Amino acid sequence: MKALVYHGAGKKSWEEKPKPVILEQTDTIIKIIKTTICGTDLHILKGDVPEVTKGRILGHEGVGIIEEVGSAITEFKQGDHVLISCITSCGKCEYCKKGMYSHCEKGGWILGHLIDGTQAEYVRIPFADNSLYHIPENADEEALVMLSDILPTAFECGVLNGQVKPGDTVAIVGAGPIGLAVLITAQFYTPAKIIMIDIDDNRLNVAKTFGATQTINSSNENAFEKVMNLTDKRGVDVAIEAVGVPATFELCESIIASGGHIANVGVHGKSVSLHLETLWSKNITITTRLVDTVTTSMLLKTVTSKKLDPAKLITHRFALKDVEHAYDVFQNAATEKTLKVILINE
Ligand SMILES: [Zn+2]
Ligand SMILES: [Zn+2]
C-alpha cells in the first residue's frame, strides 16, 4: 500500500509500505475512505515531537471501512463504516475506568505518533471495540472526519473545561480550525457574546459567519483594551486559548474577569508566565487537558441530526495520493485561506 511516511524533521514522502496486519486479536484493519491533516502533524514535521521516529506513517484522523477484524472484536465486522478516534483506549486500565482515555496506559494518542497512522490506504487500529464508532447510514462521512479530533478537542478542552454558560461572555484566542471548532460548539450553551481574537482577517471573517459576535485583529488593535471596552472593564467569563504560544496565554490571563475560567487548548512548546500577582485574588480557574474523546458519541448525534455542521470547516479536497501537495496548502493557511483539508482515498 501507499502511505505518507515521516523521515525526520522537515522530511516526508508518499511511498510504498507493507499493508498492516492484525497483531493482537483486539485489532482491526481499516481501509481509509477519508482522512485529514492536523496542526499536530505540522508540529511533528518541525521535529517538535521527538517520540515520532523515522519511518512512522503520520495521521490520527479519518473514516474508513473495516477490512478485517481480530477474533476478540465483538462490536464491529468486515464492511462496517467507522469513524476513527484520534485517541485509542483499552477500556480496562485505571485511566480508562476514570474516562481519561487520553492517558490510557496502552493507548492514548498513539496513531501517527507511536504507531502507524491514518494518512495511508490502510491502518491498523488497536483496541478497536473501544476506539471506533459506527457511522450511521446516510451520514455525511466527510463532516465526520472533523469528529476524530478537532470537534471533541475543542469541546472538551475548551468549552467543557471553560464551563461556558448561558449569557457568558467568551473570548476565543486563535481562529484556526480548533478555535473555530470551539466557536461552533460553545454555542450549545448560548453565551451572550463570543469575541474571536486572531491576526488573520480572513479567519476572523469566517468566525463572524460561524457566530462570533465581535472580532479583534490583535496585529493592528490592542486586544486587551478592546476586550475591556466590550465588557464594561470586567473582562470575559471564559477565555479559551487555542494557539499555543506564551503571548496568547498571557492575553487570556489579562482579560479574564473575576470568577472566570481560562481553558487551555493550545499545544505549548515554551514556558508561559503565570501572573499570580494579579490573579491570586480573582477566584479564577485555569484548566489543561488532552482530549479524552468522551463526547464523540454525543457530537456524532448532533452532527447526524444536523444541529452541528462541522463540514463548514472544510475548505480544500485532494486525492490521498496528492497528500504532499495538501500539506503545502495546509501549511500556507494564510495565503491559501485553508482551514481543514480532506484527503480522499479513491
Ligand atoms: Zn490532531
Ligand atoms: Zn486504557
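Residues are numbered from 1 along each chain as its sequence is written, and chains are lettered from A and ligands numbered from 1 in the order in which they are written. As the model is a prediction, local features need pLDDT of at least 70 and side-chain atom pairs count only at pLDDT 80 or more, whereas totals for chains, interfaces and linings use all residues.

The domain assignment gives domain 1 (2-149 + 292-344) and domain 2 (152-287), with bounds that come from an automatic or database assignment. The C-alpha centres of domain 1 and domain 2 are 28 Å apart, and 19 residues of domain 1 are in contact (C-beta atoms, placed from the backbone, within 7 Å) with 14 residues of domain 2. On the domain 1 side, α1 (39-46) and α11 (296-304) each supply at least two of the touching residues, helices (H or I, at least four residues) and strands (E, at least two) being DSSP runs numbered from the N terminus.

An open sheet is formed by six strands in the order β10-β9-β8-β11-β12-β13, with parallel pairing; two strands pair if DSSP finds at least two bridges between them. The edge strands, each pairing on one side only, are β10 (214-217) and β13 (285-287). Within the sheet, β8 (residues 169-173) and β11 (residues 236-241) pair in the parallel sense over four bridges, and Ala171 stands opposite Ala239 in β11.

In the largest nonpolar core, which has 103 residues, Ile172 and Val182 touch the most other members; such a core is a set of buried Ala, Val, Leu, Ile, Met, Phe, Trp, Tyr and Cys residues joined through C-beta atoms within 7 Å. Domain 1 and domain 2 each contribute at least three residues to this core. Apart from neighbours within four places in sequence, Val182 is in contact with Ala154, Gly158, Val159, Ile172, Ile240, Ala242 and Val265.

Most residues other than glycine have a negative phi. Asn138, in the loop between β7 (132-134) and α4 (141-144), has a positive phi near 65°, and Thr293, in the loop between β13 and α11, has a positive phi near 55°. A residue is buried if 20 or more other C-beta atoms, placed from the backbone, lie within 10 Å of its own, exposed if 12 or fewer, and partly exposed in between. Asn138 counts as exposed because it has 7 C-beta neighbours inside 10 Å, whereas Thr293 counts as buried because it has 26 inside 10 Å.

How values were computed. Contact = placed C-beta atoms within 7 Å.
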